[in-house]
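Trainee: Could you walk me through this structure one feature at a time? I'd like the general idea each time, and then the case at hand.

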Amino acid sequence: MSEKTVFTIEHNAVLIALLSKYADQYALHMGNVAMANAVMEYGEERGARMMMNAAAHKDRPTFVNSRIYTEWVPDFKGQIESEVTATEPALETSVTKCPWNDAWEKHGLSEYAGPYCQFIGESVMSGFNTKIQPKLVSEPLSEDGDSCDFDWGQPLSEQDLETIRKKKAELGTSCTMGFDFHTAHAYSTMGRILKGFLGEELGGDICQNALTDFANIFGQEYADRILELQNEEF
């Protein structure tokens with residue numbers, strides 16, 4: 001990968017929305033069902049990696065550790081704005097600025113964000129521990145909501161928050177992955193699920209058109225990097 005080929009959240013957001021766009025255009029309702037399942041599979045695989053990272057550090061898949069072993073960090077400070085609005089009886093958070101949403105708005109893709117916004121949080125946590133069941137309880141930013149509000153279903157004490165801060169500082173970026181990896185993972189897993197639901201030919205057309213548009217937006221070297229990583233163990 002060239003030093004100039006730097007993947008960010010924008011690349012991840014755009015590719016996912018392009019897959020959703022072509023699934024919707026080519027297969028209508030079934031395309032949306034397939035894309036929802038594709039997002040859930042992608043999320044569960046991410047959560048499973050988080051769980052394995054926790055286990056490698058001899059940590060259990062608890063709610064606290066789900067906040068520690070996240071796989072990504074923002075591209076820059078202030079890219080995401082989120083606040084804790086309650087910790088009891090359950091953690092509640094509110095995201096008022098989201099880099100995925102910013103990317104969809106920039107590229108005119110917000111109408112295709114629905115499956116990702118609706119299912120990604122719950123599915124990542126399901127892959128980590130099925131007992132953690134967050135719920136999106138507001139209209140998301142991508143649907144003109146004021147914020148993406150989540151009820152995480154479990155409490156988080158001040159002591160827990162301090163534990164999270166300390167452990168994340170200790171781990172640094174050792175358990176995070178670059179967005180070239182995350183974007184290739186999305187293309188690989190979502191493509192596999194779309195082909196499974198819609199057939200190899202139609203699913204393949206959706207993937208190819210999404211990747212072609214992606215290359216037209218960012219450059220062929222970015223599409224080539226995604227293809228280069230297809231043999232990774234996601």
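Trainee: What should I know before I start?

Mentor: This is a predicted model, so local features need pLDDT of at least 70, side-chain atom pairs count only at pLDDT 80 or more, and totals for chains, interfaces and linings use all residues. Residues are numbered from 1 along each chain as its sequence is written, and side-chain values use heavy atoms, with hydrogens and water left out.

Trainee: Which residues does histidine 182 touch?

Mentor: Contact means heavy atoms within 4.5 Å. Not counting residues up to four places away in sequence, histidine 182 touches Asn12, Tyr42, Arg49, Glu71, Trp72 and Met177.

Trainee: And where does tryptophan 104 sit?

Mentor: Tryptophan 104 is in helix H3, residues 99-106, and is buried at a relative accessible area of 2%. Leaving aside neighbours within four places in sequence, its contacts include Ala13, Val14, Ala17, Leu109 and Ser142. For a C-alpha view, tryptophan 104 and isoleucine 16 are 88 residues apart along the chain, with 9.8 Å between those atoms.

Trainee: On to salt bridges. How many are there?

Mentor: The rule asks for a side-chain nitrogen of Lys or Arg within 4 Å of a carboxyl oxygen of Asp or Glu. By that rule the count comes to nine salt bridges. One of them joins arginine 192 to glutamate 45, with the closest N and O atoms 2.8 Å apart. That pair links distant parts of the chain, helix H6 for arginine 192 and helix H1 for glutamate 45, 147 residues apart. Arginine 192 is partly exposed at 44%, whereas glutamate 45 is buried at 16%.

Trainee: What about aspartate 59 and lysine 167?

Mentor: They form a salt bridge too, the closest N and O atoms being 2.7 Å apart. Aspartate 59 is in the loop between H1 and helix H2 (63-68) and lysine 167 is in helix H5, so this pair links parts 108 residues apart.

Mentor: Asp180, Arg225 and Glu228 are. Arginine 225 lies in helix H8 (residues 220-228) and aspartate 180 in helix H6, so the pair ties together parts that are 45 residues apart in sequence. Arginine 225 and aspartate 180 are both buried.

Trainee: Now the surface. Which residues gather in a patch of negative charge?

Mentor: Patches are made of residues with over 30% relative accessible area and no salt bridge; like charges are joined within 9 Å, and nonpolar side chains (Val, Leu, Ile, Met, Phe, Trp, Tyr) within 5 Å. Lys and Arg count as positive, Asp and Glu as negative, and His and the chain ends are not counted. Each charge is placed at NZ of Lys, CZ of Arg, CG of Asp or CD of Glu. Here Glu105, Glu139, Glu143 and Asp144 form the negative patch on the surface. Glutamate 139 is in the loop between strand S3 (135-136) and strand S4 (148-151).

Trainee: Last one, the backbone. What is phi of aspartate 144 near?

Mentor: Most residues other than glycine have a negative phi, and most peptide bonds are trans. Phi of aspartate 144 is near 70°, a positive value. This residue, aspartate 144, is in the loop between S3 and S4 and is exposed at 73%. Leucine 28 also has a positive phi, near 50°, but its place is in helix H1, residues 9-56. At 58% relative accessibility, leucine 28 counts as exposed.

Trainee: And which peptide bond is cis?

Mentor: Look at the bond from glutamate 88 to proline 89, where omega is near -5°. Proline 89 lies in the loop between strand S1 (81-86) and strand S2 (92-97).

Notes:
Areas by Shrake-Rupley, 256 points an atom, 1.4 Å probe, with all protein chains shown as cover. Helix = DSSP H or I, 4+ residues; strand = E, 2+ residues; numbered from the N terminus. Buried < 20%, exposed > 50% of the residue type's maximum accessible area, 1.4 Å probe, protein only.
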